[in-house]
Number of protein chains: 2
Amino acid sequence: MNFKTPTNTALYSIEEAIKAYRKLSQHNISQIVPNITVDQALILLILENNDKTQTEVADMVFKDYASMTRIVKLMVSKDYLIKTVDNQDKRKAKLEITKNGKTILEKLKPMIQRNREVALNNVSHEELEQMYKTLNKITQNCKSKK
Amino acid sequence: MNFKTPTNTALYSIEEAIKAYRKLSQHNISQIVPNITVDQALILLILENNDKTQTEVADMVFKDYASMTRIVKLMVSKDYLIKTVDNQDKRKAKLEITKNGKTILEKLKPMIQRNREVALNNVSHEELEQMYKTLNKITQNCKSKK
DNA sequence: TGAAAATATTTGATATATCAAGTAATTTTC
DNA sequence: GAAAATTACTTGATATATCAAATATTTTCA
């Protein structure tokens, strides 16, 4: 067994796909709402129906807690989020979406939907399920072993 | 058709997988060579056998040219790369790996190999090929349409 | 109960991502 | 053959990523 060319590995193609998807998404949502990022939109989606703590959201969007602190600060300043101290546990920060955030989100939803459809055009349901399974295997492999 | 929960989309699991893999890789190569990033190691691999221009490398590792400028600057200062003006076309920057870079790379290779094996543990060849095809579809979809 | 450990978040430092604007070399075009 | 367009990069500004260290609160446990 020899050392594979780095550009021929499966993991390289994962990176390629996600970068292409991010570029498409960012390009398209910027047309609708300039000045919001793909990740910020994802955070709004997650908070749309229920409030969550900052750490919960960070885990869901795979962000480092330090990054999350800064992203939240920006989102609060843009009037997308409200951040308050959790009364049950004062260490925690409760995040909720603002009215403005909801408005923005409604404007963005059709485009988010469209981006997904464009990305997955011509990919069958079975194909997608299969990819999903394989990716989960990889994720679990990486998380369990060191 | 309704709006899918963002955390249940295929693209979310792509993101999850690549982040888990990056974390594993960075953790493990840092044990061998502190102070080098996964992407820097990938750049060394790409330059191992042939010199390339800065833009060529940037395209291969999916980096923005501005980012590439800064990454290269760091890698030159760490004595991983030599950067010279291309004599045929003086706009171009020729990148080549240093002797030190090669030494580092040899030290890292077994771990890079191991990371790939860990990530792909229990993933069959057919499964991998299938995922590769699906990912390529997604990449092409994102690149062609707007 | 009170000290130690754990949890949730913040801040600082440095690296990378991204966009826009700028520079220098090369190519194209009329 | 010179102006205009293109290419390959650089720089500045701002956002995000990551690690380490710090703070405040809560939990655990001897």
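How many residues does the contact take from chain B and from chain A? The contact (heavy atoms within 4.5 Å) takes 56 residues from chain B and 56 residues from chain A. This is a predicted model, in which local features need pLDDT of at least 70 and side-chain atom pairs count only at pLDDT 80 or more, while totals for chains, interfaces and linings use all residues. Residues are numbered from 1 along each chain as its sequence is written, chains are lettered from A and ligands numbered from 1 in the order in which they are written, and side-chain values use heavy atoms, with hydrogens and water left out.

**Chain B with chain A**
- The two chains bury about 5,800 Å² between them, 67% of it on carbon and sulfur atoms; buried area is the accessible area (1.4 Å probe) that two parts lose on being put together, summed over both.
- Between chain B and chain A there are 6 salt bridges (a side-chain nitrogen of Lys or Arg within 4 Å of a carboxyl oxygen of Asp or Glu).
- B:Lys137 and A:Glu127 form a salt bridge at 3.0 Å, N to O.

**DNA strand D**
- Among the 24 residues around DNA strand D (a heavy atom within 4 Å), A:Lys63, B:Thr55, B:Arg70, B:Lys83 and B:Ala93 come nearest.
- A polar side-chain atom of A:Ser67 is 3.4 Å from a phosphate oxygen of DNA strand D.
- In B:Lys73, a side-chain N or O atom lies 3.2 Å from a phosphate oxygen of DNA strand D.
- For B:Arg91, a polar side-chain atom is 3.1 Å from a base oxygen of DNA strand D.

Definitions and conventions: A polar contact is a pair of N or O atoms within 3.5 Å; within protein, one must be able to donate a hydrogen and the other to accept it, and residues adjacent in sequence count only if both atoms are side-chain atoms.
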